2 protein chains.
Amino acid sequence: MSDTLTAKGADTRRRIIEGAAAEIREHGVSTTTLDDIRARTHTSKGQLFHYFPRGREELLLVVAQHEADRVLSDQQPHLARLTSWRAWHAWRNAVVDRYRAQGTSCPLSVLMTELGRSTPAARTITTQLISQWESDIFAGVRSMQKSGRVSAALDADRAAKALLAGIQGGVSIMLATGSIAHLEAALDAGIEQLHDV
Amino acid sequence: MSDTLTAKGADTRRRIIEGAAAEIREHGVSTTTLDDIRARTHTSKGQLFHYFPRGREELLLVVAQHEADRVLSDQQPHLARLTSWRAWHAWRNAVVDRYRAQGTSCPLSVLMTELGRSTPAARTITTQLISQWESDIFAGVRSMQKSGRVSAALDADRAAKALLAGIQGGVSIMLATGSIAHLEAALDAGIEQLHDV
DNA sequence: GTAGTTTTGGACTCTCAAGTCCAGTCTGGA
DNA sequence: TCCAGACTGGACTTGAGAGTCCAAAACTAC
């Protein structure tokens, strides 16, 4: 790819990334071929390698970053403002609704389980996603502690980690079994633990 | 494969399954080829198709069942007897030790994320694993309630689901980031919730 | 031991997907 | 207008891996 993109070129590049991401979400990384992406995005082999000269691996990495961004942005504005019980429950519902709606087409799981472990660069993306997500939850717990709604005795770090793990696992069980009950249980139990102590 | 196996044949078949499982645990499903398995198990192409006539897919399915069995058996005898706080903590430590020791070579994640979603038959195996695992945890919670150690007001079903989701997610975060902290947090928070209510 | 079956090795084919190459078209600026 | 560089289409090469085939060795039952 040349260093300068025209508007047309930038548009094509974006179309490839989004089409590839959708294809991968629907059918998985290993079964998605460059030819599938080419067909879906109405492009040619030449274009794919024009915009991603290092080929499949480079495209997958860009898709990984794209999907990681999406996982977090889909939880906004709730995730950034967990400062009241109302906000926590709005967030909880947003997460549940979001994963219920999308069924088995899931950017999070694709990233965590297929894209994320292939190369060191991809691992970095998933690690940053986890880290950012956890720190948003942690900030929410701390703000609740500061405003006195949650006991200062609660281990905020552990609570945030447990909650995040529950979401991950809930989503992954949903993909395996089709049931969203585990995700709901994990979120509800995770939020409820903030009350106790 | 013929319907009758000699002792020698049964031994070869078992060697193939275990070698394939190990190879897949270490390198993932998509990058493991029949030739890798052949080399590792000191067998030939002819043998692979002799014992698994439907080829790769059939072998993967058998490996999936093998790994599912392993996930549960590795947690015994603790998982079957969660009848005291001591037993719960022994189980907690067994799970943590087990996943800490194995690092990124993980039957659970391979099953849940790679093997398990490919075909309907493989999905059945993962669904049964989840279901059995959850019902063991649930039975443990109920027994604690019956003996009065846990409040009868606690929603045992939800607690079991949340705990299982936390383990799943903790393991999957461990594989992505290398840190076991989330798994520990999820287990500790999940067990602690049994005290509260 | 011998007939029949199971087990084994490995060469071979076939398919599919990644990546290469280049000629032709479009676009924006001088 | 014109031309350099960006964009596009698609034929082609290459390599890898799944699956086939068959002959030879080993084993079992009689």
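Because the model is predicted, local features are reported only at pLDDT of at least 70 and side-chain atom pairs count only at pLDDT 80 or more, whereas totals for chains, interfaces and linings use all residues. Residues are numbered from 1 along each chain as its sequence is written, while chains are lettered from A and ligands numbered from 1 in the order in which they are written.

**Chain A as a fold**

- Chain A contains nine helices and zero strands, where helices (H or I, at least four residues) and strands (E, at least two) are DSSP runs numbered from the N terminus.
- Read along the sequence, the pattern of chain A is therefore α-α-α-α-α-α-α-α-α.
- The C-alpha trace of chain A spans about 60 × 35 × 30 Å along its principal axes.
- Of the 197 residues of chain A, 40% count as buried; a residue is buried if 20 or more other C-beta atoms, placed from the backbone, lie within 10 Å of its own, exposed if 12 or fewer, and partly exposed in between.
- Among the contacts in chain A with a separation of 6 or more, 60% are between residues 24 or more positions apart, two residues being in contact if their C-beta atoms, placed from the backbone, lie within 7 Å.

**How the two chains meet**

- Chain A is superposed on chain B by a rotation of 180° with 0.0 Å of shift along its axis, at an RMSD of 0.0 Å, which is the relation of a two-fold axis; the superposition is by least squares on the C-alpha atoms of residues with pLDDT of at least 70 in both copies.
- The same surface serves both copies, since 100% of the contact residues of chain A recur in chain B.

**The surfaces near the DNA**

- At least two residues each of the surface near DNA strand C are supplied by helix H1 (7–27), helix H2 (34–41) and helix H3 (45–51) of chain A, together with helix H1 (7–27) and helix H3 (45–51) of chain B, and the largest share, four residues, comes from H3(B).

**The buried interior**

- Nine of the nine residues of H6(A) are buried, so this helix is largely enclosed by the rest of the structure.
- The buried residues of H6(A) pack against H1, helix H4 (56–73), H7 and H8 of chain A, together with helix H6 (107–115) and helix H8 (156–177) of chain B.
- In the largest nonpolar core, which has 110 residues, Val63(A), Val63(B) and Leu111(B) touch the most other members; such a core is a set of buried Ala, Val, Leu, Ile, Met, Phe, Trp, Tyr and Cys residues joined through C-beta atoms within 7 Å.
- Leaving aside neighbours within four places in sequence, Leu111(B) is in contact with Ala64(B), Glu67(B), Ala68(B), Val71(B), Gly116(B), Thr126(B) and Leu129(B).

**Backbone details in the loops**

- A cis peptide bond joins Gln76(A) and Pro77(A), with omega about 0°, and Pro77(A) lies in the loop between H4 and helix H5 (85–102) of chain A.
- In chain B, the peptide bond from Gln76(B) to Pro77(B) is cis, with omega near 5°.
- His42(A), in the loop between H2 and H3 of chain A, has a phi near 55°, a positive value in a residue other than glycine, and His42(A) is exposed, with 11 other C-beta atoms within 10 Å.
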